[in-house]
Amino acid sequence: MKNKILEREIADNTQTNEIFTHQSARDLEKTALYIKENYPQDLCVHFSSFMWGHLPRLLSTYPQHHLVIWEQYVASKVLEQLQSQYSRSEQSFLNLRDQDLEDLKQLMFLSQDEAAFKLLKVDQAQSRRIHFVMNGINDETLCQAISSYLSDDIPQTTMIYTNSDIYLQDKSSCWDEYDYVVFDGLKEGVPSQYRSQKIKKLNQ
């Protein structure tokens, strides 16, 4: 990886939500491979430009609002990763029967990403992180859907990697309410406004 700060944070960060903006396409591809090879216990959801080109056709049958579609899609990818983790380790998926899992999948599509959030809370004993790699995709609604995983309600650490700035500069941005550190390009991290205020209150 060209960005050694990015490589360092993947290796060392386990507790802080982090966002890496304006990263090179080459580094993003290497990031996805690096995580899967070196941190197989983590969840890595990789959005590529190839997927972006085919997704509208795949989602065209959903009659819901555009943001709901993305929330459900992101949740389904997280659930797939969780299921894959337990399949590889030959453990039962959160000790659920097959029918229970199917019921939860249906619940997910009825209540957006609540099922994924619920399973992540059950799974918090595992020392895993969630990685979202967005290579060649700059969609505001997808970013809003992913931003939910920075919430304090999610026990896992979330790390997001993208070519763009994911609308962080928007004054009405949904990102303002979350605790994270943003690394722009090759620069060191800067805490979000929410995180800065939170740290300030803790130190008073």
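These legends go with a handful of close-up views of a predicted model.

Before the views, a bit of bookkeeping: this is a predicted model, where local features need pLDDT of at least 70, side-chain atom pairs count only at pLDDT 80 or more, and totals for chains, interfaces and linings use all residues. Residues are numbered from 1 along each chain as its sequence is written, and side-chain values use heavy atoms, with hydrogens and water left out.

**View 1. Confidence along the protein chain.**
The average pLDDT (the predictor's confidence in each residue, from 0 to 100) comes to 76 for the protein chain, and 66% of the residues score at least 70. Helices and strands here are DSSP runs numbered from the N terminus (helices: H or I, at least four residues; strands: E, at least two). Of the elements, helix α1 (residues 4-12) gets the highest mean pLDDT, at 96, while helix α5 (residues 98-110) gets the lowest, at 51. Residues 90-94 fall below 50, and beyond near neighbours in sequence this stretch has 12 contacts in the model (contact: heavy atoms within 4.5 Å). Residues 107-112 also stay under 50, with 15 contacts beyond four places in sequence.

**View 2. The open sheet, strand by strand.**
Six strands make up an open sheet, in the order β2-β3-β4-β1-β5-β6 and with mixed pairing (two strands pair if DSSP finds at least two bridges between them). At the edges sit β2 (43-48) and β6 (190-191), each pairing on one side only. Strand β1 (residues 18-21) runs parallel to β5, with 4 bridges between them. Look for T21 opposite D184 in β5.

**View 3. Two helices packed on the sheet.**
Helix α2 (residues 25-38) packs on the sheet and touches β2, β3 (129-135) and β4; its direction makes about 150° with that of β3. Helix α7 (residues 140-147) also packs on the sheet, touching β2, β3 and β4, and its direction makes about 175° with that of β3. For those angles, axes are lines fitted to C-alpha atoms, for helices over the stretch in contact, and values run from 0 to 180 degrees between N-to-C directions.

The structure has 7 salt bridges (a side-chain nitrogen of Lys or Arg within 4 Å of a carboxyl oxygen of Asp or Glu). D179 pairs with R195, with the closest N and O atoms 2.8 Å apart. D179 sits in the loop between β4 (157-162) and β5 (181-184) and R195 in helix α8 (residues 193-203), so this pair ties together parts 16 residues apart in sequence. K198 bridges to D179 too, its closest N and O atoms being 3.1 Å apart. That pair links helix α8 to the loop between β4 and β5, 19 residues apart. Shared partners join D152, D179, R195 and K198 into one network. D179 is buried at 8% relative accessible area, whereas K198 is partly exposed at 32% (buried: under 20%; exposed: over 50%; partly exposed: in between; 1.4 Å probe, protein chains only).

E9 and R8 form a salt bridge, with the closest N and O atoms 2.8 Å apart. E9 is buried at 11% relative accessibility, while R8 is partly exposed at 31%. As for the cysteines, C44 is buried at 3% and C143 at 2%. The structure holds 0 disulfides (a disulfide is a pair of cysteine sulfur atoms within 2.5 Å).
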